[in-house]
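Visitor: I would like to learn how to read a structure like this one. Please show me what to look for.

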Amino acid sequence: MIVPVSGPAQFRVADNKVQRYLVDPDHEDGGPKCAFLLSVGFSIDDPITLMTALVGHPTPAMLMRADPVAYGLRYHCQGPMLCPDGTAANIRTVWQVNDRPRSHPARVMTLKPLRKASRDR
C-alpha cells in the first residue's frame with residue numbers, strides 16, 4: 001500500500017536565500033539557477049515576485065518525498081511554477097523543516113529546473 005507523504009503546513013523563503021543565491025549570477029551554485037530564472041521573466045531587482053512564486057509552488061500534489069536529515073525532514077516538490085513571462089516552468093524545489101515536523105515553517109533550500117515533459121506523438 002502506498003502511503004501519501006504529508007507535507008509541512010507553512011513554507012518560508014528568506015530574502016537572503018533569493019538575493020545571495022538564487023538570483024546571484026556570480027554565485028558558484030546559484031549562477032546557473034539565476035540564468036534560468038532570468039530566462040523565464042524573474043528579475044534580480046524584484047526578489048518578492050520570485051519569493052511569492054516559490055511559496056506557491058509546493059502543493060500536496062507536487063510533494064514527491066520526505067527524507068530525514070540530521071536536523072529534521074527535507075521535502076521534495078516537483079511540478080510547474082508560474083513565471084512572470086507567462087510560462088509554467090517545470091521545477092523541483094527542496095524544503096527543510098528543522099526539529100519537529102509541522103512545528104516550524106519549511107525553509108526553501110534550493111530549486112532545480114527540470115526538462116519539459118515530452119509530448120506524446
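Predicted model: local features only at pLDDT ≥ 70, side-chain atom pairs only at ≥ 80, totals over all residues.

Visitor: How many helices and strands are in the chain?

Guide: Helices (H or I, at least four residues) and strands (E, at least two) are DSSP runs, numbered from the N terminus. This chain has three helices and five strands. Along the sequence the pattern is β-α-α-α-β-β-β-β.

Visitor: In what order do the strands form the sheet?

Guide: Two strands pair if DSSP finds at least two bridges between them. The five strands form an open sheet with mixed pairing, in the order S1-S5-S4-S3-S2. S1 and S2 stand at the edges with a single partner strand each, so one side of each has no neighbour in the sheet.

Visitor: Which residues of helix H3 are buried?

Guide: Buried means under 20% relative accessible area, exposed over 50%, and partly exposed in between (1.4 Å probe, protein chains only). In H3 (residues 47-56), the buried residues are Pro47, Leu50, Met51, Ala53 and Leu54. They lie on the same side of H3 because they cover an arc of only 165° around the axis, the arc being that of the directions from the helix axis to the C-beta atoms. The face turned away from the buried side carries the exposed residues Ile48 and Thr52.

Visitor: What do the buried residues of H3 pack against?

Guide: Contact means heavy atoms within 4.5 Å. The buried residues of H3 pack against helix H1 (15-22), helix H2 (30-39), S3, strand S4 (88-98) and strand S5 (106-113).

Visitor: How many residues are in the largest nonpolar core?

Guide: In soluble globular proteins, nonpolar side chains tend to be buried together. A nonpolar core is a set of buried Ala, Val, Leu, Ile, Met, Phe, Trp, Tyr and Cys residues joined through side-chain atoms within 4.5 Å. The largest one here has 27 residues, and those with the most contacts inside it are Leu37, Phe42, Leu50, Leu54, Met81 and Trp95. H1, H2, H3, S3, S4 and S5 each supply at least two residues of this core. Leaving aside neighbours within four places in sequence, the contacts of Leu37 include Leu50 and Met81.

Visitor: Which residues form an aromatic pair?

Guide: Rings of Phe, Tyr and Trp (its six-membered ring) pair if their centres lie within 6.5 Å; planes under 30 degrees apart count as stacked, over 60 as edge-to-face and the rest as tilted. A search of the whole structure finds one such pair. Phe11 and Trp95 are edge-to-face, 5.0 Å centre to centre with 75° between the planes. Phe11 lies in S1 (residues 11-12) and Trp95 in S4, so the pair ties together parts that are 84 residues apart in sequence.

Definitions and conventions. Residues numbered from 1 in each chain as written. Heavy atoms only, no water.
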